[in-house]
Amino acid sequence: MIKLDANENPYRPPADLCAKLADFSRGLAYNRYPDKTYRKLRESLALYSGWPAEKIIAGNGSDELILLLLLAYGGPDSKLITVEPTFTMYNHYAQATKTALSNIFYNKQGARLTFPKAEVEQAIENCQQGIIFLCSPNNPTGEIRSRQWLEDILTATELPVVVDEAYYEFSGNTAKELLADHDNLIILRTLSKAFGMAGLRVGYLLAGRDICNMLEDLRSPYNINRFSAGAAEILLQAQKHYQACWEKIKEGREWLYRELEAREEIIVFPSQANYLLWQTDKLSEEKVYQSLLTKGVKVRYWEELPLFGQALRVSVGQQEENQKFINSLDEIIKEVR
Ligand SMILES: Cc1ncc(COP(=O)(O)O)c(C=O)c1O
């Protein structure tokens, strides 16, 4: 099965890095609890991100950090302000913490999507207590929020504003420079995507001291296991290797976009991440999804994506995988013509 459904990095670490991981794992004190401050991991993340280690919190995947943020800032008297469709875990943990949802949606006309800036600004102005989650690039739509607009929002409110940059390395665009002047900004990132560590679960966030202290109080002391913390330190040293992967993934994304756009049966949305959202014209998305599965290609399918209805998302794979996906799609299009 070619797996293009979860926005993972299609590249495994090269042999020399795997050997380093194996050496590290052999010497590990599995019987001992990890360092609960995971100082070395935070230092590695500080070196990579350019933000001080004492203002970084790591989580068991960034999913865990989303939960901590909603535990800290959500609840029955609070509101989650976000724009649908976006990453589902924001709503999921908002519901778990009884946080009210803002119900703001993108505007969609054919293949043109616009972000409802004015509605978001209004919702923020009307909100006394809550948290704002903006995903940039947004999963699943793929576009980014401009730094200028984020700065305007951060200046206009004291509510915490999370900019989820899970796919930052594929866009090169970050709000990190705004951290120094805005105590209410939280940059959420992960090693799952760019560093191919989805199976090891390490996410992190960059924020001011007060927010970090608040989250530190909520975090389970041993939330990052010894192996994952050490593996992250090793993989973060191999930035050159991963940068080359990001370039290949970005080329793959542009290639896939051109291929999909060239097919009249497909509507595809431009993306700055490692995936593309698409719909079909005259064909059923569900049938295309099922037919792709029978041909050994798994993409993400939604029966009811907010605003879109049926929709599909393909992650960028290695070029042979991208080619196989397009060939399979062409066979399906031919079959129904
Ligand atoms: C936008 C976004 N944020 C956060 C995550 C969670 O990533 P992880 O828990 O693997 O760090 C994902 C995963 O798909 C995502 O798409």
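The model is predicted, so local features need pLDDT of at least 70 and side-chain atom pairs count only at pLDDT 80 or more, while totals for chains, interfaces and linings use all residues. Residues are numbered from 1 along each chain as its sequence is written, and side-chain values use heavy atoms, with hydrogens and water left out.

Select 2-10 + 240-336 as domain 1 and 33-237 as domain 2; these bounds come from an automatic or database domain assignment. Their C-alpha centres lie 26 Å apart.

Next, show the contacts (heavy atoms within 4.5 Å). Here 25 residues of domain 1 meet 26 residues of domain 2. About 2200 Å² is buried between domain 1 and domain 2, and carbon and sulfur atoms give 64% of this area. Buried area is the accessible area (1.4 Å probe) that two parts lose on being put together, summed over both.

Now select Trp246, Gln272 and Leu307, which supply 29% of the area that domain 1 buries against domain 2, more than any other three residues.

Then turn to α10 (239-261), β14 (275-280) and β15 (297-305): each supplies at least two residues of the side of domain 1 that touches domain 2. Helices (H or I, at least four residues) and strands (E, at least two) are DSSP runs, numbered from the N terminus. The largest share of that side, five residues, comes from α10.
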